[in-house]
Amino acid sequence: MRTLKPFFCLSKHWALLRWLSKPRTCSNAARTPASSEERKKVVSDSFRSQIASGPRFQDFIKGVSVALPADGEHTEEPGYLSEDLWMLADSRKVYFETYGCQMNVKDTEIAWSILQKKGYQRTADLKQADVVLLVTCSIREKAEQTIWNRLQQLTAMKKKRLKTNSPMKIGILGCMAERLKTELLDREKLVDVLAGPDAYRDLPRLLTVSDGGQQASNVLLSLEETYADIMPVQHAAQGHSAFVSIMRGCDNMCSYCIVPFTRGRERSRPISSILEEVQMLSDQGVKEVTLLGQNVNSYREISEEQFYSSELTKLSRGFNTIYQTKQGGLRFSDLLDQVSRVDPDMRIRFTSPHPKDFPDEVLHLIAERQNICKQIHLPAQSGSNQVLKAMRRGYTREAYLDLVYNIKRIIP
């Protein structure tokens, strides 16, 4: 019969108790054994000392309310990381490589905005980089293979840098980090930091942990994270057009698509935050903004109580979903209406939509507003009803063609 090991190992503590139980004095006089209560107090004090010097329970709980220090100044840095490690960020240069869709480009801007506030510098020269972050895509196998090949190249560079005083750290961000998780950390030890699409706020801590010689990972998906309070930093020279992220995730669960599993559930950015960013871009002279989302026209904001109602979400005629019909919230037509009013001379576009989310009010608004571009991206996955059903697209070939005719009728 196999012997089972105890879950808790008490050998060290038992040895400590045995040692404490022996009479110990400084001279030959008064060798009176310590009482049982005194021995317990010594052991208790020892454990308290060990606990006080280690991480606190709050350090492992995201979003927990932590008591402020006595001087009234609150710090975001975890207490178990030394001050020397946090100070490293002030002189470190980060290099980004972005793969995949426009959402990844926006995620790069968000990640850079977070790191910039922590004192990191950005470099366009890979040879100068102390930190290399790859913002990755998992939509196709080829996209992931490209990243694996790139990791091999970067690891070769990293090994050369180990001989210098400034070793290089490699991080994987985005969809590939979310899909593969620990496989990325374990395979040939190519990666130091792993951060999923909803964990970019944690990047400074993850990088600091990696500076201590450990691999660091956060791939928790969120039901709420929209980075609404973070204004993306556009690295490219300011042009006449810009992208504005309005929602994240997808609920459609098409049978062939990995997005719901790497990007999580749908959640929409508060409309006030979107309008603030559009106004800022208008003030900077931007002439065209493209509203961005995994399923951009399924936008539904319910962040405030007055946005709740019993009204059901309207779909394109002849379309359905595999999830229950949602209720209330400000819809995509409400957002389009308000965004188009920020600057009547600013052109408005949006991508990528789902055909099911083109109710007539959206089409009439596009036709009515001069600054909403008369261009609609309408994905056509298949012309076969059998294939569309297997893909769980929620419509037939006939319903799709009816939508096309309806769009041409309302927006000639």
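Modeller: A crossing is left-handed if the near helix is turned anticlockwise from the far one by less than a right angle, and right-handed if clockwise. This is a predicted model, in which local features need pLDDT of at least 70, side-chain atom pairs count only at pLDDT 80 or more, and totals for chains, interfaces and linings use all residues. Residues are numbered from 1 along each chain as its sequence is written, and side-chain values use heavy atoms, without hydrogens and water.

Biologist: Is the crossing of α12 and α14 left-handed or right-handed?

Modeller: Helices (H or I, at least four residues) and strands (E, at least two) are DSSP runs, numbered from the N terminus. The axes of α12 (residues 360-368) and α14 (residues 397-410) come within 9 Å and cross at roughly 35°; axes are lines fitted to C-alpha atoms, for helices over the stretch in contact, and angles run from 0 to 180 degrees between N-to-C directions. The crossing of α12 and α14 is right-handed.

Biologist: Which residues in α14 do Asp360, Leu363, His364 and Ala367 meet?

Modeller: Contact means heavy atoms within 4.5 Å. On the α12 side stand Asp360, Leu363, His364 and Ala367, and their partners in α14 are Asn406, Ile407 and Ile410.

Biologist: Which strands stand at the edges of the sheet?

Modeller: Two strands pair if DSSP finds at least two bridges between them. The open sheet has three strands, with parallel pairing, in the order β7-β10-β13. Two of them have a single partner strand each, so one side of each is left without a neighbour in the sheet: β7 (241-245) and β13 (347-351).
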